[in-house]
Amino acid sequence: MAIEFNRAHYRVTYPVAVRPTLDWEGRSSVVVDVSEHGIGFLHPDAPAEIGTIVRGILRFRSSQVIAVAGTVVRVFDGVVGVRLRTELPYSLIMEEQLYLQKRFPTRW
């Protein structure tokens, strides 16, 4: 049975080879997706709880670095979903999408 998720904002999902990282609380986690208002990152060894505040530095392969803060709203299959307090720039989301389309043209 497939699970469908309705998203309010466009989400960029990253292939394993080019995933950004989130540095927070002295650890580095792999980011699997981003949108203007949220991020999803892997955290399989010590699952975060819903309502936990996450503050950190989001590092993209394009060398862009952005300070982020938000609240855990979802934990599913080792992926922690965070709703950001301040949104990521739409231009960054589009740049990331274009980068992925150029680097992985057969994926889309």
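The structure holds three salt bridges, a salt bridge being a side-chain nitrogen of Lys or Arg within 4 Å of a carboxyl oxygen of Asp or Glu. This is a predicted model, in which local features need pLDDT of at least 70, side-chain atom pairs count only at pLDDT 80 or more, and totals for chains, interfaces and linings use all residues. Residues are numbered from 1 along each chain as its sequence is written, and side-chain values use heavy atoms, with hydrogens and water left out.

Let me take the salt bridges in turn. R11 pairs with D33, and the closest N and O atoms are 3.0 Å apart. That pair links distant parts of the chain, since R11 sits in the segment before β1 and D33 in strand β3, 22 residues apart. Strands and helices here are DSSP runs numbered from the N terminus, with at least two residues of type E for a strand and at least four of type H or I for a helix. Are R11 and D33 buried or exposed? R11 is buried, with a relative accessible area of 19%, and D33 is likewise buried at 12%. In this account, buried means under 20% relative accessible area, exposed means over 50%, and partly exposed lies in between, with a 1.4 Å probe and protein chains only.

The next salt bridge joins the side chains of D23 and R59, at 2.5 Å from N to O. D23 lies in strand β2 and R59 in strand β5, residues 53-59, so the pair ties together parts that are 36 residues apart in sequence. D23 is partly exposed, at 23% relative accessibility. R59 is also partly exposed, with a relative accessible area of 38%.

The remaining salt bridge is between R27 and E25, whose closest N and O atoms are 3.9 Å apart. R27 counts as partly exposed at 35% relative accessibility, whereas E25 is exposed at 56%.

Two strands are taken to pair if DSSP finds at least two bridges between them. Strand β2, residues 21-24, is joined to β3 by four bridges, and the two run antiparallel. Within that pairing, T21 has V30 as its bridge partner in β3. β2 and β3 form a hairpin with two residues between them, and E25, in the turn, has a positive phi of about 45°.

Which other strands does β3 pair with? Strand β1, residues 12-13, is joined by two bridges to β3, residues 27-34, in an antiparallel arrangement. There, V12 stands opposite V34. Three bridges also join β3 to strand β4, residues 38-42, again antiparallel. β3 and β4 form a hairpin with three residues between them. In this pairing V31 faces F41 of β4, and D33, the salt-bridge partner of R11, stands opposite G40 of β4.

Let us now follow β4 itself. Five bridges connect β4 to strand β7, residues 79-84, and these strands run antiparallel. G38 is placed opposite R83 of β7. Why may β4 be described as largely enclosed by the rest of the structure? Four of its five residues are buried, so the description applies. As a general point, side chains in a regular strand alternate between the two faces of the sheet.

I turn to the helix. Q97 is found in helix α1, residues 90-103. Q97 is buried, with a relative accessible area of 7%. The C-alpha atoms of Q97 and T13 are separated by 8.8 Å, although these residues are 84 residues apart along the chain.

Finally, the chain as a whole. It contains one helix and seven strands, in the order β-β-β-β-β-β-β-α along the sequence. Of its 108 residues, 38% count as buried. Among contacts with a separation of 6 or more, 52% are between residues 24 or more positions apart, where contact means heavy atoms within 4.5 Å. The accessible surface comes to about 6700 Å², and 53% of that belongs to carbon and sulfur atoms. These areas come from the Shrake-Rupley method with a 1.4 Å probe, and for residues only the protein chains shown count as cover.
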